[in-house]
Amino acid sequence: MLRRTTLRFALPAVLSATLLAAVAFAQSQDTQSVAEAARRARAQKKNSEKPAKVITDETLEVKKGDVQSAAAEQLRVPGSQETPAQPGAANAPAQGAKTASEDKVRGALKERVELKEKIKEALSDLDLLKREYQLDQDSFYSSPDYANNTSGKAKLDAMKQQIVDKQQDLDRLKEQLAALPEAQESSTSTPPKS
């Protein structure tokens, strides 16, 4: 009986000691390889580091068409003739009249662009309102007791009125856009043929 008890405890102890030694050996190899890989990565990073690049006015390359160069160039309306500025009293009144007409054209173009943006926003709002109205209408009429739902009906009526108001605003904006002269936009939006 003593022999059986000894074997019962000895056999698991021997097996666990063997397995523990194998696991410890494998773990030490993994730890060594991970540590070695980390050392190699640090050394490689240290060797490949470049000095930080400092951007100054001298090192900054500005190409034609960039935002920075656009501000430096003389503003002109596309399609108009370019005339270099010449110092002299005879040229000054003509330039004053030319810049005044260019300012008018720019102002009209700016107003046209703003109106188009407002129309685009109003169209988007109107589309969203119509979609929301359709969803609410579908959910309202899908209820079997919709005839007794007065608050739902009032909500639908209010949304319908919002849609009508938004449509009227959109029509008014389109009329304002149509009232602006067309020639100003076409002369500035299309490049001159060469």
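**Salt bridges, rings and core**

Q: How many salt bridges does the structure hold?
A: This predicted model holds eight salt bridges.

Q: Why is the contact between Asp 125 and Lys 166 called a salt bridge?
A: The side chains of Asp 125 and Lys 166 meet at 3.5 Å, N to O. The cut-off is 4 Å between a side-chain nitrogen of Lys or Arg and a carboxyl oxygen of Asp or Glu, so the pair qualifies.

Q: What makes the pair of Asp 125 and Lys 166 a tie between parts apart in sequence?
A: Asp 125 belongs to helix 3 and Lys 166 to helix 4, so the pair ties together parts that are 41 residues apart in sequence.

Q: Why does the pair of Lys 153 and Asp 157 count as a salt bridge?
A: The closest N and O atoms of Lys 153 and Asp 157 are 3.9 Å apart, and this lies within the limit of 4 Å, so the name applies. Both residues lie in helix 4, four residues apart, about one turn of the helix.

Q: Which residues are linked with Glu 36 in a network of salt bridges?
A: The network links Glu 36, Arg 39 and Arg 40. Within it, Glu 36 forms a salt bridge with Arg 40, with the closest N and O atoms 3.8 Å apart. Glu 36 and Arg 40 both lie in helix 1 (residues 2-48).

Q: How many aromatic pairs does the structure hold?
A: There are three aromatic pairs.

Q: Why is the pair of Phe 140 and Tyr 141 called edge-to-face?
A: The ring centres of Phe 140 and Tyr 141 are 4.9 Å apart, within the limit of 6.5 Å, so the rings pair. Their planes stand at 75 degrees, over the 60 that edge-to-face requires, so the pair is edge-to-face.

Q: What makes Tyr 141 and Tyr 146 an edge-to-face pair?
A: Their ring centres lie 5.1 Å apart and their planes are at 75 degrees, so this pair is edge-to-face. Ring pairs link Phe 140, Tyr 141 and Tyr 146 into a cluster.

Q: Why is Phe 140 called buried?
A: Phe 140 has a relative accessible area of 7%, and buried means under 20%, so the term applies. Tyr 141, with 40%, is partly exposed.

Q: Which elements give two or more residues to the largest nonpolar core?
A: That core has 14 residues. The elements that give two or more residues are helix 3 (92-142) and helix 4 (150-179), and helix 3 gives the most, with seven residues.

Q: How do you know that the span of helix 4 agrees with its number of residues?
A: At 1.5 Å a residue, its 30 residues should span 44 Å, and the end C-alpha atoms are 44 Å apart, which agrees.

Technical notes:
Residues are numbered from 1 along each chain as its sequence is written. This is a predicted model: local features need pLDDT of at least 70, side-chain atom pairs count only at pLDDT 80 or more; totals for chains, interfaces and linings use all residues. Side-chain values use heavy atoms; hydrogens and water are left out. A nonpolar core is a set of buried Ala, Val, Leu, Ile, Met, Phe, Trp, Tyr and Cys residues joined through side-chain atoms within 4.5 Å. Buried means under 20% relative accessible area, exposed over 50%, partly exposed in between (1.4 Å probe, protein chains only). The expected span of a helix is 1.5 Å times one less than its number of residues. Rings of Phe, Tyr and Trp (its six-membered ring) pair if their centres lie within 6.5 Å; planes under 30 degrees apart count as stacked, over 60 as edge-to-face and the rest as tilted.
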